[in-house]
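Reader: Please show me the model, and then take me through the contact between the chains.

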Amino acid sequence: MIIDQPSQDSLQESQLSSCGNVASRARWVEDAGEAEVLDSKGKLWLTTGVTRGGKLYYNVEEIGFLAERGALVLLDDEDETIGLEEIYKKIAGGNYGCSWDAFQAYKHLKVLGYIVGRYGVPWTVKHSGTCEVTDSPKSMADTERCSDRANGACNDITKFLKQMHIDGIYPSFEVHLPNSKFKKSCPGVPTFLLCLLRDKPPSRDELETVENKFEGIPLKFCQFDNGRISFLSFDNVTLPSLP
Amino acid sequence: MSGPRWKKAKDGKDFSALAAASPMSSIVAELQSSLKRSRPVATISSHGEDAILGVSPHQAILLNQAAFGRFVENAGGEKQWFQLGAEEVFYLCHALKCVVVELESGKQMSEGELWDHLCSASESFPEMYKAYSHLRSKNWVVRSGLQYGTDFIAYRHHPALVHSEFAVVVVPEGAELGGRCGRLKVWSDLLCALRASGSVAKTLLVLTISSSICELGSPDCLEQLFVHERTITRWIAQQCREQRCEPCRVEPSKEEEGHTRETVVLNYWGVILGFTVLSTLLVYKLRF
């Protein structure tokens, strides 16, 4: 994959270096399809993972990204290390809410310092079970998801699997610009939503459908070619009438 | 969308002021009224799309300023000759109603007959013309984009004054049009168009022409065709901005654009002088 030099103020760089080469540890929870963080070194957690009831959880793409950089050691129930090969299998298998392509897109942006979260997943949820009002984009599923908070990532997975059968295009990630002041409790409106495109370019209908669902938030689209990623905008415009 | 890139005069100032002083709508209006007075006849080739039009020297200046057709060099004489493309001749005939078209035999054609003739010469004429007239009616200057791998290129004013902003690809859809072999249906085609337009610093503009009707037999169908505008741009994550060019390691080829520039530059100064004279005349007319 072609990755250019990261931006100078890459948040990830400073966060990773502050680890001091000591990795965080997380335990894989099969039922939830994510890892519960046991000890968190450095400041990675400020822009990675979701906080539920005071605990930090990483999903598969976050685990993959951190493990590749030596910033995370993933453990199983018996405290044995789960190696990178196993982590890659979990991602590639597509059963935990992320595909291999989605992981490539996630990594590409994270390396450059962008703050990336799964679309529709609140960054933080309070313990009491009442849904914290977040600024994540409105969707019908939000209220439903809040009441099923205890099931963690499983609902995300169900939603992801449903999305795969939804006709048309749906956002995979919400993306924020690199921001040292980013707070999970108040993430703000994403800079854009990222949709992954499949084997052919989107039709006009597909574009208009997804634009109508997410009015107001810019959409970007991501196309894959053997590890090379293209980010595209398909903007609806109106050429001005000239004098 | 990024703004227009105006070309610069010898004194270093750009031509935006000159363009503002001579709006394209006024130039086209003056061309239209001048042609209507003399009713020139364009001869269309029997099996092709191109037409040849003879006009007076003053009309030739206006045709040049409005960027219609290609001037045909000749030894001199009273008439100046222009070669017009299919969309151009139909626009002058049907939209501006200032030119009459006839076959080599001398037989004059009605607008409907001209439509049939152009449709049989090119299957995609209905959607190409709809796109062309859509842009022209907004006073954009529209020229062929084939040398850039697209259907048209669109300029904010005369090509002598400004670089073109858009490389235009026309995509048909709908009942009658949808069966055609359309563009941008596979990634290789879309990314190729994006790269081609980016290498000449233009934004890729996709005009999707949709129709709900099945009848394309007369120019009346034009009212039932709808134009959807969309740009396709590449976003560079490393630089956090939209970019017309791909972040490629290969130098973009400037040869194509350079060649075009050379062949047209001889006409440029004539056109610019013409604009200066025209704007002075317009000011003169307004004052008195």
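Author: Buried area here is the accessible area (1.4 Å probe) that two parts lose on being put together, summed over both. The model is predicted: local features need pLDDT of at least 70, side-chain atom pairs count only at pLDDT 80 or more, and totals for chains, interfaces and linings use all residues. Residues are numbered from 1 along each chain as its sequence is written, chains are lettered from A and ligands numbered from 1 in the order in which they are written, and side-chain values use heavy atoms, without hydrogens and water.

Reader: What is the area buried between chain B and chain A?

Author: The size of an interface is often given as the accessible area lost when the parts come together. Carbon and sulfur atoms give 56% of the area here. The total buried between chain B and chain A is about 3,100 Å².

Reader: Which side chains meet in a salt bridge at 2.6 Å, N to O?

Author: A salt bridge is a side-chain nitrogen of Lys or Arg within 4 Å of a carboxyl oxygen of Asp or Glu. Between chain B and chain A the count is two. The pair at 2.6 Å is A:R204 and B:E173.

Reader: What is the bridge partner of A:F231 in β11(B)?

Author: Two strands pair if DSSP finds at least two bridges between them. Strand β12 of chain A (residues 228–236) runs antiparallel to β11(B), over six bridges. Within β11(B), A:F231 is bridged to B:W235.

Reader: Which residues of helix α5 in chain B are buried?

Author: Buried means under 20% relative accessible area, exposed over 50%, partly exposed in between (1.4 Å probe, protein chains only). Of the 288 residues in chain B, 51% are buried. The cover over the buried part of α5(B) includes β1, α4, β5, β6 and α6 of chain B. The buried residues of α5(B) are B:L114, B:W115, B:H117, B:L118 and B:C119.

How values were computed. Helices (H or I, at least four residues) and strands (E, at least two) are DSSP runs, numbered from the N terminus. Contact means heavy atoms within 4.5 Å.
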